[in-house]
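Q: Could you walk me through this structure before I set anything up?

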Amino acid sequence: MNKQSFLMVVLAFCAFSQYTFSQETVETPEKYTAHNKGKFYIYWGGNRETYSKSDIRFRGDDYDFTLYDVEAHDKPKGWHVDYVNPARMTIPQTNFRIGYFISDHYNISIGFDHMKYVMFNDKRVNYSGYYQNPGSYNENPINNELTLTEDFLLFEHTDGLNYVNTEFSRVDDISGWFNLPNTDKVQINATEGLGGGFIYPKTNTTLLGKERYDQFHVSGYGLSAKMGLNFTFYKYFFIQTEVKGGYINMNNIRTTKYTADSASQDFWFLQSVFTIGGIFRL
């Protein structure tokens with residue numbers, strides 16, 4: 001091989017190597033949203049609830065009676081500045097959660113669902129058992145039925161029906177279903193999970209003319225399951241909507257200042273949730 005041929009081979013090799021190197025260095029960098037493992041997230045928002053009917057048993061030194069199929073509702077505040085007012089943001093029905101991704105798809109979290117439960121008054125219900133001075137509270141007890149007048153009973157978990165819980169959840173990126181070209185700008189995720197924890201209500205009660213009672217007390221436990229959609233924007237910010245259903249068993253509700261007085265109930269709930277939050281690595 002003469003010098004001219006050798007020079008041509010060397011130049012061709014250098015050109016090929018440069019082309020290959022340049023191809024490797026201009027590869028598109030991996031998206032921040034491609035992996036979740038090691039990320040933390042936090043969110044805050046509001047909720048609405050519906051409740052199943054519930055049998056409620058009230059017990060004390062001189063009474064023991066059960067009300068059957070009692071109905072209740074939540075106490076929404078609507079779109080209100082209290083949700084973002086630091087001095088009042090625990091007053092509305094709210095949700096708070098902080099979590100950590102142990103893998104790209106699974107995370108564990110702790111949080112609380114601040115729900116509100118208000119018994120419907122002036123409803124006629126069945127009852128069994130006994131209490132002192134029946135008929136003295138405008139409740140008109142006839143044929144094992146009575147009316148839930150406020151003189152007879154006011155019963156609310158309004159500050160609130162606090163479900164303090166741990167959740168284990170799965171998250172899947174479904175952006176491809178919508179042909180999104182850049183998941184670091186917009187990403188859509190599906191999420192579902194299971195949870196459990198304890199109920200820590202402040203129960204506002206007036207019962208049989210007794211003094212009003214309204215103090216925090218661990219009253220039972222809850223179990224829940226959820227599914228929802230997460231919309232992540234510019235890698236770090238998201239909106240998340242959820243539907244959560246569950247079971248609550250409250251076997252030790254404080255009703256008066258006397259520890260001998262208590263109530264118990266269990267019921268199902270269905271909750272809709274809207275939150276805003278952030279996701280990041282420390």
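The chat below goes through salt bridges, a cavity, backbone geometry and a surface patch.

Q: What kind of model is this, and how are residues numbered?
A: This is a predicted model, in which local features need pLDDT of at least 70 and side-chain atom pairs count only at pLDDT 80 or more, while totals for chains, interfaces and linings use all residues. Residues are numbered from 1 along each chain as its sequence is written, and side-chain values use heavy atoms, with hydrogens and water left out.

Q: How many salt bridges does the count come to?
A: The count comes to 14 salt bridges, where a salt bridge is a side-chain nitrogen of Lys or Arg within 4 Å of a carboxyl oxygen of Asp or Glu.

Q: Which residue forms a salt bridge with Asp74?
A: The partner is Arg48, and the closest N and O atoms are 2.6 Å apart. The pair links distant parts of the chain, 26 residues apart, with Arg48 in strand 1 and Asp74 in the loop between strand 4 (72-73) and strand 5; strands here are DSSP runs of E, at least two residues long, numbered from the N terminus.

Q: Is Asp74 buried or exposed?
A: Asp74 is buried at 6% relative accessibility, whereas Arg48 is partly exposed at 43%. The cut-offs are under 20% relative accessible area for buried, over 50% for exposed and partly exposed in between, with a 1.4 Å probe and protein chains only.

Q: And what about Arg97 and Glu167, how far apart are their closest N and O atoms?
A: Those atoms are 3.5 Å apart in the salt bridge between Arg97 and Glu167. Arg97 lies in strand 5 and Glu167 in strand 9, so the pair ties together parts that are 70 residues apart in sequence. Arg97 is buried at 0% relative accessibility, and Glu167 is buried at 2%. Both belong to a network of salt bridges that also links Asp113, Lys226, Glu242 and Lys244.

Q: Switching topic, how many cavities of 30 Å³ or more does the search find?
A: A search of the whole structure finds one, a cavity being a set of points on a 1 Å grid over the protein atoms alone where a 1.4 Å probe fits but cannot get out. The space in the largest cavity is about 210 Å³; for such a volume, grid points are joined across faces, edges and corners, and the space filled by probe spheres set on the points is taken.

Q: Which residues lie nearest its centre?
A: Of the 19 residues lining the largest cavity, Phe101, Val171, Asn230, Gln240 and Ile279 lie nearest its centre, where a lining residue has an atom within 4 Å of a point. Strand 1 (40-51), strand 9, strand 10 (186-199), strand 12 and strand 13 (237-254) each give two or more residues to this lining.

Q: Where is the cis peptide bond?
A: The cis bond joins Asp159 and Gly160, with omega at about -10°, and Gly160 is in strand 9 (residues 153-173).

Q: What is phi of Asn140?
A: Phi of Asn140 is near 50°, a positive value in a residue other than glycine. Asn143 likewise has phi near 50°, and Asn143 sits in the loop between strand 7 and strand 8. Most residues other than glycine have a negative phi, and most peptide bonds are trans.

Q: Last one, is Asn143 buried or exposed?
A: Asn143 counts as exposed, at 71% relative accessibility, while Asn140 is partly exposed at 44%.

Conventions: Helices (H or I, at least four residues) and strands (E, at least two) are DSSP runs, numbered from the N terminus. On a 1 Å grid over the protein atoms alone, a cavity is a set of points where a 1.4 Å probe fits but cannot get out, and a pocket is an open set with protein on both sides within 12 Å along at least five of seven lines; lining residues have an atom within 4 Å of a point.
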